[in-house]
Amino acid sequence: MLSIKKYAAIDIGSNAVRLLISNIIEQKGKPVQFKKNSLVRVPIRLGADVFVNNRISKENTQRLVDTMLAFKLLMKSHKVVKYKACATSAMRESTNGKQVVDLILKNSEISIDIIEGEEEAAIIAATDLNSFIDVSKTYLYVDVGGGSTEFTVIHEGNQIASRSFKIGTVRLLNDMVSKEAWQELEEWIKLNTKEYDKISVLGSGGNINKIFKISNKALGKPLTYFYLTSYYNLLQSYSYEERITELDLNQDRADVIIPAMRIYLSSMKWSGAKNIYVPKIGLADGIIKSIYFQTVSSNTQ
């Protein structure tokens, strides 16, 4: 007996807002399959408002309401049976985040959870990373966002330590990350990885996915620290406009990609990792899984 349902995840980040629609394929005697059906990304960049002015602007509030209305129609067209919407760093820190969430609920009937950094890290880390990792190895998982970056140390398939830091691409672009914040991150990484001889970084987020795509590497093969450093230097040798026209980057990617690479390279340097693997997962994937497993557990109770 085959059952296919559609679930949706809405990820309201500091740089972009995403709608992921996935097929949940259940077949008797086989493990459940999660298959991406559609992904829509809208670069609203709430962090540019919040990290500078502490609140979401009128213009971006309206853009967010319009986006949620569009997402609602897309979910209806796809016949999505369940969804979950999560907002992260920018919405968390904005003084009017609650009002914006209430306005969206009133206009689109989409209910949004504003989640803490630790919950965000837990959702991401629960994205079935085991299918991407070798349990005999040690990894530092780094998920770079616009407002924060989540770090998790994984040893022999187990999560050893996890923490969210307010170091993100939009924050770095606006020069809002202190020297102390970087030092704290460096100390945390070194402290939590020092006992492991060999460690690799697992990177997720739109920027590292883009870099991986550009590299033309086969899925499952890592990028080296040398490759990443070379590409980082190349990007810096181009102006913002040249990155769009000559390197074919979207305008909302062409600026944040440099601070994103700084975070990944720093993580590799401080953990002693020579390679970074890109499993192409993130918060939206984790949200889909959490909806499914919550549904399963409530059905068995």
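**Notebook: rings, pockets and salt bridges**

I began with lysine 289, which lies over the face of phenylalanine 34 at 4.9 Å from the ring centre. I count a charge as over a ring if NZ of Lys or CZ of Arg is within 6 Å of the ring centre and within 35 degrees of the ring normal. Arginine 171 lies likewise over the face of phenylalanine 51, at 4.0 Å from the ring centre.

I note that this is a predicted model, in which local features need pLDDT of at least 70 and side-chain atom pairs count only at pLDDT 80 or more, while totals for chains, interfaces and linings use all residues. Residues are numbered from 1 along each chain as its sequence is written, and side-chain values use heavy atoms, with hydrogens and water left out.

**Ring pairs**

I looked up pairs between rings of Phe, Tyr and Trp (its six-membered ring) with centres within 6.5 Å; planes under 30 degrees apart are stacked, over 60 edge-to-face, and the rest tilted. The count comes to nine aromatic pairs. One of them is tilted: phenylalanine 34 and phenylalanine 293, at 6.2 Å centre to centre and 55° between the planes. This pair links distant parts of the chain, with phenylalanine 34 in strand E3 (residues 33-42) and phenylalanine 293 in helix H12 (residues 283-300), 259 residues apart. Helices (H or I, at least four residues) and strands (E, at least two) are DSSP runs, numbered from the N terminus.

For exposure I took buried as under 20% relative accessible area, exposed as over 50%, and partly exposed as in between (1.4 Å probe, protein chains only). Phenylalanine 34 is partly exposed at 27%, and phenylalanine 293 is partly exposed at 46%. Ring pairs also link Phe34, Tyr292 and Phe293 into a cluster.

**Pockets**

I took a pocket as an open set of points on a 1 Å grid over the protein atoms alone, where a 1.4 Å probe fits, with protein on both sides within 12 Å along at least five of seven lines; lining residues have an atom within 4 Å of a point. A volume is the space filled by probe spheres set on the points, which are joined across faces, edges and corners.

The largest pocket has a volume of about 910 Å³. Its lining has 38 residues, with Arg18, Gly205, Gly206, Asn209 and Arg253 nearest the centre. H8 gives the most to this lining, with five residues. By class, the lining of the largest pocket has nine nonpolar, 17 polar and twelve charged residues. Here Ala, Val, Leu, Ile, Met, Phe, Trp, Tyr, Cys and Pro are nonpolar, Asp, Glu, Lys and Arg charged, and the others, Gly among them, polar.

The second largest pocket has a volume of about 300 Å³. It is lined by 18 residues, and Phe34, Phe132, Ile281, Asp285 and Lys289 are the closest to its centre. E2, E3 and H12 each supply at least two residues of this lining.

**Salt bridges**

I found 13 salt bridges, each a side-chain nitrogen of Lys or Arg within 4 Å of a carboxyl oxygen of Asp or Glu. Arginine 18 forms one with aspartate 11, with the closest N and O atoms 3.5 Å apart. Aspartate 11 is buried at 8%. Glutamate 93 and lysine 166 meet at 3.9 Å, N to O. Glutamate 93 is partly exposed at 26%, whereas lysine 166 is exposed at 54%. Glu93, Lys166 and Arg171 are linked in a network of salt bridges.
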